Amino acid sequence: MPGDGNERKQSIGRQIVLPFSKALEISLRGIRVRLWRSLITMSGVVLATAFVVSVLASGDVTRTVAADGSPAAVRALQEIGIDPSEMREVNATNAWLAVMSLMVCVVGIVMSMLMSVSERYREIGTMKCLGALDSFIVKIFLLESAFQGIIGSVIGAAIGLGVSFLSAQIHFGEILDGKWPVVAIFRNTGLVILVGSILAILAAIYPASLAARMEPAAAMRVEE
Amino acid sequence: MTEEKTTQTIVRTKDVYKTYNLGKVQVHALQGVDLEIYAGEYISIMGPSGSGKSTLFNMVGGLDKPTQGSVYIDEVDMAQLDAYELAWLRCRKIGYIFQTFNLIPVMTALENVTLPMIFAGLTTDEARDKGVQLLGRVGLGDRVQHKPYELSGGQQQRVAVARAMANSPAIILADEPTGNLDLSTGKEIIDLLQRMKREEGVTIISATHDLKMLSVSDRVVWIRDGKIDRIEQRENLNIEVGTIDKQTE
């Protein structure tokens, strides 16, 4: 009888929350299978972080050279169009460029995650029909984006470091001997990797929650 | 036979109304549907598109909630369930089969079948053993490591049947399961579903236009304009095969 619903409710259990490792496994597989798409998303992160890291590292280098103050250093700086007395302005412009490029990168990630969600509407609906909790769907998408963010930032940082190292070698070579601002460069690089990864996760929050809120009945729809 | 079956109702809808708001227009998809589905029966829901068939189908499968009235699955009011209980219900009590198979394309046949078991908390080893056994039962023992795109439509639907049976559900909800298959393959899937019903005692609820499917149904529910038009027993159906043809158009 419908009336004794509460008693019979005992027969309904509560779905368990899956271990993190399962979400990790499924999201990794998602990346592997859509490798090409992932690489495109990742390339956005790579380019942005490479740019930011090279801007910051070059900034560190020029500051070191400017602080050196020797005639050779001043000449080297002037050769690349930097007036040591205007370092403050240069830093402000660099910071602005860095922030802008990271913002563009975030928009890129949001777009590609939205695409990834709409592409997998039926898959998500099916998973929900099979018993996936909303939180599980959220985890899959956040993890996927986090991986793209972390791997992309690390690769981008390496490229950025390489480029700024080469350019510093060319322009300042001997002036920097034994004076490389190693600590500052690595601190900034670490910071950029961290920021890049966090931004990648933040960018996936909206697409992921969109996916999780989807009705399981969407899996039934035939069109597509 | 029917005497024994009527004793246990597995799905019951009570005066169910469903209204969708499409902008300023209200669409009354269901207008007072009372339906009882008995444990272990094979029931088909029929109706032209726009009749409310899909809405009713989703309702009895726990995929949608009524605007008014109640849906009971195993005598539990769906409206009382929270998200965790609904997920549990979908995972353990109901197996879904879709017209478009809906296998996860990035997973092998075995991984597709084991996914609901993983959701149910089985260990990877337990799930693998059970998955291999299920795939064997649907005749795909030699295809466990194939990806969906390496399988024919009929084989994909077999995987889907195995996946639907993964957690030994009480109900299999099949949405036009033969809609994307040719005649003989469709027949094979119907036979497979019938076998599952016979061997496991699972209740099969299907939305279909397929006459082959109607002839194996214990009962056929005809929906028209959001209401139950009539419910026919199989015995009556066989006589009226000629008329069914017209009504499905």
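Q: Among contacts in chain B between residues at least 6 apart in sequence, what percentage join residues at least 24 apart?
A: Keep in mind that this is a predicted model. Take the chain B contacts whose residues sit at least 6 apart in sequence, then keep those that join residues at least 24 apart, and you end up with 68%.

Q: What radius of gyration does chain B have, and what would a compact globule give?
A: Chain B's C-alpha atoms fill a box of roughly 45 × 45 × 45 Å along the principal axes. Buried residues account for 48% of its 249 residues. For 249 residues, a compact globule would come out near 18 Å, and chain B agrees, with a radius of gyration of 18 Å.

Q: Which elements of chain A give two or more residues to the side that touches chain B?
A: On the contact count, 30 residues of chain A meet 34 residues of chain B. Chain A's side of that splits into 15 nonpolar, 7 polar and 8 charged residues. The elements giving two or more residues to it are α1 (5–8), α2 (20–33) and α6 (121–129) of chain A.

Q: Which residue with a positive phi follows α6(A)?
A: Check the backbone after the helix: phi there is positive, near 115 degrees. The residue is Gly131(A).

Note on methods
Residues numbered from 1 in each chain as written. Chains lettered and ligands numbered in written order. Predicted model: local features only at pLDDT ≥ 70, side-chain atom pairs only at ≥ 80, totals over all residues. Contact = placed C-beta atoms within 7 Å. Helix = DSSP H or I, 4+ residues; strand = E, 2+ residues; numbered from the N terminus. Nonpolar A, V, L, I, M, F, W, Y, C, P; charged D, E, K, R; others polar. Rg over C-alpha atoms; globule rule 2.2 N^0.38 Å. Buried ≥ 20, exposed ≤ 12 C-beta atoms within 10 Å, placed from the backbone.
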